[in-house]
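Thanks for coming, everyone. I'd like to walk you through one structure this morning. Please have a look at it first.

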Amino acid sequence: MKTTVKKEIRVRIAPSPTGSAHIGTARTALFNYLFAKKNKGKFVLRIEDTDKERSEQKWTDEILTELRWLGIKWDEGPDIGGKFSPYKQTQRMDIYKKYLEKLLSEKKSYYCFCSEEELESKRQDQLTRGVAPKYDGKCRNLSEKEIQKKISSKEKAVIRFKVADKKIRFLDLIRGMVEFNAGLLGDVVIAKDLGTPLYHFAVVVDDFEMQISHIIRGEEHLSNTPRQILLQEALGFYQPVYAHLPLMLNMDKSKMSKRQGDVAISDYHKNGYLPEALINFMALLGWNPGTEKEIFSLAKLVKEFSIEKVQKAGAIFNVQRLDFINGFYIREKPIEKLTELCIPYLKEAGLLIAGQISENKLEKIIEVSKTRMKKLFDIVELSGFFFVDKVAYDKNLLKWDDMKDGDIKDALLLCDKTLSELKDWEIKKIEWALMGVAGEFNRQKGYPEKNRGFLLWPMRVALSGKQFSPSPFEISDILGREKTLKRIRGAVEKL
RNA sequence: GGCCCUAUCGUCUAGCCUGGUCCAGGACGCGUGCUUUUCAAGCAUAAAACCCGGGUUCAAAUCCCGGUAGGGCCA
């Protein structure tokens, strides 16, 4: 067995463009990227589009877009130097054909003429007998004559690989020694014909041709590994080093799926998760530096990463934790940057119309809202009331504690009066003025003196129309005198 | 069904290799308190776990064996 490990570290991810780029692809990409950068190696992106029917260019484009968004850069692959080949399988068919012919001529694989129905009935039979279903090797030893005859009479055929009946052991960087009994597998179909290789065959060839040194991929591929190793041996290839990453799981511990939440990277992108937050979160799903540090930039991850510290067990993709990390990164963002990021969401919601609001004011809005944001999209709900002319709300919301209706009105009238008399419309002055009259208001009404809610809650609701919002001072400051007074008077009229 | 992988608070995990410092540490979430007009943020604080059963040992989360459970792959 050749286990010549390549000196140069080269890793890859090999997504199929058959649907929206999956979050699992992002995680695998991240770990490959970290491993490559950590070891001064190369990270290769290969698009596996052997499945011609289901592969589409738009999905390839999406993979590229989302990986770029995440900041995971590949060193070789599509779009590097404007070239797409040699990393697109559909453009490499002659290579697969060459190896397929080699295997065939060396009798390491063979044409199989068994029909679907025949195989299916055998399978059922094996199942009912309680035996593991596997191909019985019927076409394994057909004579050259028989083969030629069947081919010339255009009988439908596939190409099978002779799977040796032996034990396959390999070292997995994460799991240690793993052992399989290949004999249980049965001869596997590696191509429909010379021009149509199947996944298991194409990966093996590509990984060799691209001189991949380490194959870091999801655990779902663990049981595919022995047959790939056998194929490598048959073709005289070296054996790359394997590392199988723990899976990302649904809440019920099954493999992450659409049914139970978002699985497309673009879903997270669109909802306003920050790439750095998603990266940080995903890295910590299955990896831990062994310290109590939890916030890592991509660059820091590269520094600290080591594949030995990767966990073996699958990890539940806990959105609550992602939200926390995302909120953390949002709060850390410089305000100009954060504003820039929020603008598309406000525009999309029809709240922000170009030129209608000054940049400075917009930044203030984002600033007072950001502690409540878990994701960028939240800004719409959080700050909508700043952008509209009239706020709609139930008048019962104006009531603080056990306030009487008349008192709510008086509170609002007092706010109106106090603010109307205010000379400079500045946040601190607004606050001082209102705080200055709050105590007296409570005394007159017989409310506990220090509970300013009796004055401020009705005002805050009048301004925001919301149960939760920034303080009335912050809102007044941003809204400006005219709008503030208008909203307060609007509330009075409701009562 | 067969094969393989996995197993520490509800969740992500530290500790396990090199047994004692672990009546198990951190974080999210949840509870409480402080701050406070609200919510959020911030700060403080509580509750919360070694899958089970044997063994080895003076001593086991840590080593060994056997179960159990969950997951993946194959079809």
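Start with strands β5 and β6. β5 covers residues 167-172, and it pairs with β6 in the antiparallel sense over six bridges. Keep in mind throughout that this is a predicted model. A hairpin of three residues joins β5 to β6. To find the pairing on your screen, look for D172, which stands opposite G176 in β6. Now, how many of the six residues of β6 are buried? The count is zero. So to speak plainly, β6, residues 176-181, is hardly covered. Remember β6, please.

Next, the open sheet. Four strands form it, in the order β3-β4-β7-β8, and the pairing is antiparallel. Which strands stand at the edges? They are β3, residues 109-112, and β8, residues 196-197. Each has a single partner strand, so one side of each is left without a neighbour in the sheet.

Let's go through the pairings. β3 and β4 run antiparallel and are joined by four bridges. In that pair, C112 stands opposite V158 in β4. Move on to β4, residues 158-161, and β7, residues 188-193. Three bridges join these two, again antiparallel. Two partners are handy for orientation. I159 has A191 in β7 as its bridge partner. F161 has V188, also in β7.

Two helices lie across this sheet. Helix α3, residues 93-105, lies across β3, β4, β7 and β8. Its direction is at about 65° to β4. Helix α6, residues 199-209, lies across β7 and β8, and runs at about 90° to β7.

While we are at α3, look at the loop between α3 and β3. K107 is found there. Its phi is near 60°, a positive value in a residue other than glycine. Is K107 buried or exposed? K107 counts as exposed, because it has 10 C-beta neighbours inside 10 Å, and 12 or fewer is the cut-off for that class.

D401 has one near 55°, and D401 is not glycine either. This residue sits in the loop between α14 and α15. With 10 other C-beta atoms within 10 Å, D401 is exposed.

D402 has 8 C-beta neighbours inside 10 Å, so it counts as exposed. D402 and F454 are 52 residues apart along the chain, yet their C-alpha atoms are separated by 9.2 Å.

Here is another pair of that kind. K347 and V380 are 33 residues apart in sequence and 9.3 Å apart in space, C-alpha to C-alpha. K347 belongs to helix α12. It is exposed, because 12 other C-beta atoms lie within 10 Å.

Now helix α13, residues 359-369. Which of its residues are buried? L362, K364, I365, I366, V368 and S369. And what covers them? The cover includes α12, residues 335-348, α14, residues 378-387, and α18.

On to a helix pair. α17 is residues 453-464, and α19 is residues 481-494. They pack at an angle of about 110°, with their axes 8 Å apart. That makes α17 roughly perpendicular to α19. Who makes the contact? From α17, P458, M459, A462 and L463; from α19, T484, R487, I488, G490 and A491. By class, these contact residues divide into six nonpolar, two polar and one charged.

Last stop, the RNA. There are 51 residues around RNA strand B. Which of them come nearest? K255, K312, A313, G453 and S471. Several elements give two or more residues to the surface near the strand: β6, β12 at 315-316, α11 at 319-332, α17, and α18 at 472-479.

One thing to take away. Questions, please.

Terms used
Residues numbered from 1 in each chain as written. Chains lettered and ligands numbered in written order. Predicted model: local features only at pLDDT ≥ 70, side-chain atom pairs only at ≥ 80, totals over all residues. Axes fitted to C-alpha atoms, helices over the stretch in contact; angles between N-to-C directions. Parallel < 35°, antiparallel > 145°, perpendicular 65-115°, else oblique. Contact = placed C-beta atoms within 7 Å. Nonpolar A, V, L, I, M, F, W, Y, C, P; charged D, E, K, R; others polar. Buried ≥ 20, exposed ≤ 12 C-beta atoms within 10 Å, placed from the backbone. Pairing = 2+ DSSP bridges. Near = placed C-beta within 6 Å.
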